[in-house]
Structures are given as C-alpha cells and as structure tokens.
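Reader: Can you walk me through this one? Keep it short.

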Amino acid sequence: MISVVSTVESAPRGSGTPAPSLYQRVRKVLTRDLLVTLALGQVLSLLICAISLTSKYLADDFHANTPVFQIFLNYILLFLVYTTTLAVRQGEENLLAILKQRWWKYMILGLIDIEANYLVLKAYQYTTLSSVQLLDCFVIPVVLLLSWFFLLVRYKAAHFVGVGLCLLGIGCMVGADLLLGRQQGLGEQKLFGDLLVLGGATLYGISNVSQEFIVKNLSRVEFLGMMGLFGSFFSGIQLAIMEHKELLKVSWDWQIGLLYVGFSAFMFGLYSFMPVVMKRTSATSVNLSLLTADLYSLFCGFFLFHYKFSGLYLLSFSVIILGLVLYFSSNTYVAQDPRVYKQFRNTGSQLVTDPPLVSRGVPEPSVTYTSLGRDLGDELPVRVA
C-alpha cells in the first residue's frame, strides 16, 4: 500500500486575502438566522406587552383584580385546542397513552406553571414596580443553572457577557423610572412582595427548562395539551377557593368582556408561540428576549397613559438588543448525549475502550447544538474509523 503524505506550506506574508471590511464583519455576525431569532423573541415580548396593558385596564379602570380567573381562561383555551387534539390522536401520542406514562410529571409541572403566574401577579400588591422588574430577572440565572445541570448545556464567555448586558439594560430602565418618579405602589409588606417575585421567578425557571426539554424531545402539542388539562383543573379549584367573591364584585359589561377576551387571546398566543421559539433556541434565549417587554409597555404608556419620556429608555433598549445579539452570535452545545451518559453511568468504574454498537435505525449519539449553528471559526469534528 502506498502512503501519500502531503504538506501545506505557509503562504508568504502580504500575499493572502485582504482583511474583511467592517461591513463584512457585521454581515458575518448579523446572519439571517440570528435576525429571525431576534424577531421571534420580540414577537413574544409584544404579546407580553399586550397582556400587561389589558391587565392594567382591568385592574385600574374597572377594578377587576382577578389574576387566577384570567389564568384560568387561558388554560381553558389550551384545553379546548390542544388537549382535544391529543384525545383524537392514535398510538403513543394519544392522551390516554401519555397519561399512563407520565401523568404525575405533568401534574407537578402544571401546578408549578400556575403558581409562577399567580405569585408574580400577586407581588404587585405588596412591592414596587422596580422591585418586580429587577427581581423577576432572577429567572435568568435559574434557567442558566438548571440548563447547565439537567440539560447539560454549556455556555461560552460571549453568552455570559450578553446576559450581563441584558441585565444592565434592565437596570437602566429601572433607573429611569426612579428619576421620573414612576415607581409607586409601595405596600406595607415590601419584603413579602419581593419574596413572592423571587418565588415566582424560580418557578418560571423550572417551568421553562422543563418546557424546553419536552418540546425538543417529545412534542409541542403534548406539552400544551397537558398544560391545558392540569392547568384548567387546578386553576379552577384555586379560582373557586380564592376569587369567587372577587368575580361577584366585577361590574360586567361589553368593555370588561372585551378586555377579558383580549387578555385570553394574547395569553393563548404567548403559550402557543413560545414553544416554537424555544425549540429553535433555548429557555435562556427566550427569557432574555422577554426583557424588552417592559420597554414596549413603557413606549405604549407614552401615548396611552402620558408617561414622561427619558433618554435612558432608549439606552436601555439598545443595551438589551446588543446583549441579545452578542448572546445569539455564539452557539451553545450539549456537553454529552444523554444516551452516552446513561451508558457510562451503567458501566460503573469500568473503562469503555470500544465504541458502543449502534443498532440499525438508531442514530449514533452525537453532540447536539442548540442555537444557530456552529461558529464559522470552529473546527469540524474528525472521525477516525
């Protein structure tokens, strides 16, 4: 057998290709996939902005303090659309088959999702808006830690810098609110309200990471159908216990009905669209994108509620978008395929020298990238057969 050895001599200096221009470097970072991902995240933020506005009109103009009832309406819509879809499916994706396999997991996840929504909405009665805005960002480190330990996601320095810029942008927004004197509503039990926000943010983190795992490994319709089933059941019980008197106090008319319908439609759109974005990116990316929702609410408040304007709001929005671009410009990856981890765990201390045999039709375990793809500068993996 003849072996051929080839060598590559380094090109002389000065004869290579010219350095890329600034425009080429920007185009390299701002790819089409990155721009689409940013746009999808901002659609979620706009939906949250609409949810906040309808909630504000219900609470301030019509004195309808019914957060559990509003959540209940959303779960009913999920039940009618997605749970019934699972009910008519055949095979392992049927509703009864899913319930037989993992009903208790979805029951716990449904309770977590309900209470996360309730705790954050309830916190506005006890603490300031600035505290809610700042402490609600606690969901980001929660999602980072849970993704690191349970989803085995690994991050680069660019991701942490991007997260830091996004949090800095939120700090600028809160600082502008303080300078303009918009932070009102301080209750007598501020510490209790702050603890409610932290508890809600923690539950949001657990729910979002679980949602990312389900939509990437099982099915988006399965997740939403189970949330509709258990969410409507438990939120209905909570509604009957905690808010039946508040519902009797509501002065029902067509305006209130329209606001409830609008809130339910926006909430349903958020729940339906978020798994699509999360499957494309990750739970961390989604929560970073949602940081701009408060800014959209402020921009709407300039026209609807005559809020005072501050240049710090534009600075905050710019810093958050810069942080998102930096975060999305670099890819995350899964440290090890779960099947590889399971095999390694079952072998105990025995070293595995030969690669495991892969049955026909079963894909070989590999590294899974969870963002926009490999960086152009990353080396391709080398397989030695």
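Author: Glu-212 counts as buried, because its relative accessibility is 3% (buried means under 20% relative accessible area, exposed over 50%, partly exposed in between, with a 1.4 Å probe and protein chains only). This is a predicted model: local features need pLDDT of at least 70, side-chain atom pairs count only at pLDDT 80 or more, and totals for chains, interfaces and linings use all residues. Residues are numbered from 1 along each chain as its sequence is written, and side-chain values use heavy atoms, with hydrogens and water left out.

Reader: Which helix is Glu-212 in?

Author: Glu-212 sits in helix α8, residues 190-217 (helices are DSSP runs of H or I, at least four residues, numbered from the N terminus).

Reader: What does Glu-212 touch?

Author: Leaving out residues up to four places away in sequence, Glu-212 touches Ser-147, Leu-151, Met-278, Thr-281, Ser-282 and Ala-283 (contact means heavy atoms within 4.5 Å).

Reader: And which side chain makes a polar contact with Glu-212?

Author: That of Lys-216, at 3.1 Å (a polar contact is a pair of N or O atoms within 3.5 Å; within protein, one must be able to donate a hydrogen and the other to accept it, and residues adjacent in sequence count only if both atoms are side-chain atoms).

Reader: Which residues of α6 are buried?

Author: Ser-147 is one of them, and Val-139 and Leu-144 are also among them. Helix α6 covers residues 139-150.

Reader: Changing topic, what is the average pLDDT?

Author: The chain averages 78, and 75% of the residues score at least 70 (pLDDT is the predictor's confidence in each residue, from 0 to 100). Over residues 339-385 pLDDT stays under 50. Where pLDDT is low, the predicted coordinates should not be read in detail.

Definitions and conventions:
Helix = DSSP H or I, 4+ residues; strand = E, 2+ residues; numbered from the N terminus. Expected span 1.5 Å × (residues − 1).
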